[in-house]
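Please look over the sequence and the model before reading on.

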Amino acid sequence: MFSRSPRRGIFGSTAVDWQRSFDDENILYATPSCGYCRAVKHLLTKKGATLIEVDVSEDFKRRHEMIARPFGRRTVPQIFINGSHVGGYDELAELQREAKLDALLAEVAAVAPAPGE
């Protein structure tokens, strides 16, 4: 479900070309010690979402990238779905409570290219 930042590999790693644009990707900026980050991963894994997890705990370049994104903040987790800023755990949980998260994830899945395209 999750691709990991190749920087630290604490949770495992997947080769990611960090030079490409993440405008159409689902990104989770996180740290290994963050309980809210784990809660986000748990919720989105249950929903079947695919995200690229970026560990910003010791990678200042990735942390700056997170902050520099539109609406990017300094705290983790920061969630971007299909390039749009969702916010942190509180905002994601609110989407879930309001029954909007499934629709958002379904919308993303509908516009995602089929494997091999």
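Among contacts in the protein chain (heavy atoms within 4.5 Å) between residues at least 6 apart in sequence, 61% join residues at least 24 apart. This is a predicted model, in which local features need pLDDT of at least 70 and side-chain atom pairs count only at pLDDT 80 or more, while totals for chains, interfaces and linings use all residues. Residues are numbered from 1 along each chain as its sequence is written, and side-chain values use heavy atoms, with hydrogens and water left out.

**Fold and surface**

- The protein chain has four helices and five strands; helices (H or I, at least four residues) and strands (E, at least two) are DSSP runs, numbered from the N terminus.
- Read from the N terminus, the order of elements is β-β-α-β-α-β-β-α-α.
- Of the 117 residues in the protein chain, 38% are buried (under 20% relative accessible area, with exposed meaning over 50% and partly exposed in between; 1.4 Å probe, protein chains only).

**Salt bridges**

- There are five salt bridges in the structure, each a side-chain nitrogen of Lys or Arg within 4 Å of a carboxyl oxygen of Asp or Glu.
- Side chains of opposite charge can pair when their charged atoms come close.
- One of the salt bridges joins Asp-102 and Lys-47, at 2.9 Å from N to O. Asp-102 lies in helix 4 (residues 101-111) and Lys-47 in the loop between helix 1 (35-46) and strand 3 (51-55), so the pair ties together parts 55 residues apart in sequence.
- Asp-102 is partly exposed at a relative accessible area of 45%, and Lys-47 is partly exposed at 27%.
- Glu-65 and Arg-62 form another, with their closest N and O atoms 3.0 Å apart. Both residues are buried, and they sit three residues apart in helix 2 (residues 60-68), separated by about one helical turn.
- Glu-91 and Arg-73 also meet in a salt bridge, 3.4 Å from N to O. Glu-91 belongs to helix 3 (residues 89-97) and Arg-73 to the loop between helix 2 and strand 4 (78-81), so this pair ties together parts 18 residues apart in sequence.

**Thr-31**

- Thr-31 is in the loop between strand 2 (27-30) and helix 1, and is buried with a relative accessible area of 12%.
- Leaving aside neighbours within four places in sequence, the contacts of Thr-31 include Cys-37, Asp-55 and Arg-63.
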